[in-house]
Amino acid sequence: MEEVSVDEESEQGRELKIQCLQELRSTRQILDEKRREALDKLLDIKGSIRVFCRIRPFTAAESWRKSSPISTESEKININSVGSKKEFIVDRVFTETTPQVDVYKEIEPIIKSAFDGHNVCVLAYGQTGTGKTYTMEGVRGNLGIVPRSIEELFNKISQEKSENYTLNLSMLEVYLGNLRDLLAPKQHSSRSFNLTLKSNINIMAKSSGSVEIEGLTDIEISNFKQAIHWYNKGRKARSTSWTNVNETSSRSHCLTRIIIREGTKGKIVSKIWLVDLGGSERLLKTGATGHTLDEGKSINLSLSAFGDVISALKQKRHHVPYRNSKLTQALSDSLGEGSRVVMVVHVSPSQNDLLETVCSLTFARRVRSIESNKELSEETKRIRQKHIAELDQHIQEAEMELQNLKILIEKTETYLQEKNKKYLTEGSPRSPLILDHVEFTEPSQNTDKISRKLGHESTGKKKPNFMAPTVSSKQRRNLTGERVQKLKNSKFVSGKNLNFSGSQIISKITSNSMDRDAKRTSSYNPNWRNPLQQHRRRMTIC
């Protein structure tokens, strides 16, 4: 009795754990929905198109200059030139001393919003030699936006065990107006490959507005280490060249695409584009000639097409000229309505680059003006910052609670798995009983026992007429009981003092029935069929 009570107590504890697990999962789902709502509100307040500005440090050749024409505030850049002063408003200014981690903190909420179904596009724009590639790629020990974003995605997937997400990585570059797959096998790592070779990559726009790039290598990545391996392979295949402004100047636009799917080859949740744009160039400064000059012209043309798209979005035109460039055509479903866009404009602090800095900030103003057409008052800014801080706190608290719930759910699941293994090996206290072999001594008694086990007599109700025994069944039952009694009283049974099991008695009765049927067959009388034939004729006549 003690063992049964312990088993029942253990079973009750297991059921309580199951109920607790269901409640924890339900709480996690509700809390995650609230976190997503807070994140959407936060991004709506900040804007779906955000513009940052990052100022690079002085180079070794410029270190002797102690003054810069640029002065900054948290969201403002002032440029002082001879006889004029210009002011540019952006969402955030990163100075020369801002570390990589602070830059990514501003972009992290937008990367996380990809799990809510928003397409994301992060672009690094600016003059050549202003640190765009450093911001996007980073260096060993000081990672940039791309590797940090991939790491954040895998961290998010590890937390979302209830959802089965997979990531796919692709890389391509827009070089001389054509698309080039950076992850394709046997890819040339230099600019000396056959320029007349046609690309097998095609951009297909679907009726739903989504964009599919046919022929592009798409690699499923399962962990951060594997993703960095492929990313390093792709960025090394990118076209670069030496110019007077930059020793390793990027001669193309590098696009890294990450697709989030529900399961392997399942529905696409969203896509993330991380774009390192080629730098705008002035021929007099770069000193480019020949093939390098053609590359610079191609970069400037695609950047001009990108500016036309921004202008069309700003004016809310019905037609947006995405197809004027391969760059904008590939990004078309991640720049428009419903997408989250971040542009990090890079500028130089040098007086010699003042004209290029003004051009870059003017373009940044055009991008930012798509949503914010007028500057906010100080009071509105204060209320806005307070609301943003409150939403940030709510999101952080929700993420901490989700992490605690994740730990509790994992512990509960581990406990239940151990219990299930124990029940599989030892048996559950509520598992079906295994009945011993029942020996048939009296058919009527065994019938009563089976009836009681099946619960036929527990109802206390009268059986329906169709369940009542017929005359023939009563005769067969009496005949079987008489034969069983004769077998028990026979010399064979009494001499050996044996107890026949039900199967032995049934086989004996069956053999006797076969002998009786054989005798009936041997003494066959054809006149026995006459009554039946007459009966059939009577039925036919009727």
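I start with a working definition: contact means heavy atoms within 4.5 Å. Helices (H or I, at least four residues) and strands (E, at least two) are DSSP runs, numbered from the N terminus. This is a predicted model, where local features need pLDDT of at least 70, side-chain atom pairs count only at pLDDT 80 or more, and totals for chains, interfaces and linings use all residues. Residues are numbered from 1 along each chain as its sequence is written, and side-chain values use heavy atoms, with hydrogens and water left out.

I looked up an open sheet of three strands, and found the order 2-3-4 with antiparallel pairing; two strands pair if DSSP finds at least two bridges between them. Strand 2 (70–72) and strand 4 (84–89) are the edge strands, each with a single partner, so one side of each has no neighbour in the sheet. On average, neighbouring strands here are turned by 20° against each other, direction ignored. Strand 3 (residues 76–81) runs antiparallel to strand 4, and six bridges join them.

Which strands does helix 9 lie across? I found helix 9 (residues 354–368) across strand 2, strand 3 and strand 4, at about 40° to strand 4. Axes are lines fitted to C-alpha atoms, for helices over the stretch in contact, and angles run from 0 to 180 degrees between N-to-C directions.

Helix 7 (residues 290–314) and helix 9 have axes that come within 9 Å and cross at roughly 35°. Among the residues that meet are Phe306 and Ile310 of helix 7, and Phe363 and Val367 of helix 9. I sorted the contact residues into four nonpolar, two polar and three charged (Ala, Val, Leu, Ile, Met, Phe, Trp, Tyr, Cys and Pro count as nonpolar, Asp, Glu, Lys and Arg as charged, and the others, Gly among them, as polar).

**Entry 4, a hairpin.** Strand 11 (residues 202–205) pairs with strand 12 (residues 211–214) in the antiparallel sense over four bridges. Alanine 205 stands opposite valine 211. Five residues lie between the strands of this hairpin, and glycine 209 takes a positive phi near 100°.

I counted zero disulfides, taking a disulfide as a pair of cysteine sulfur atoms within 2.5 Å. Cysteine 53 counts as buried because its relative accessibility is 0% (buried means under 20% relative accessible area, exposed over 50%, partly exposed in between, with a 1.4 Å probe and protein chains only). Cysteine 254, at 5%, counts as buried too.
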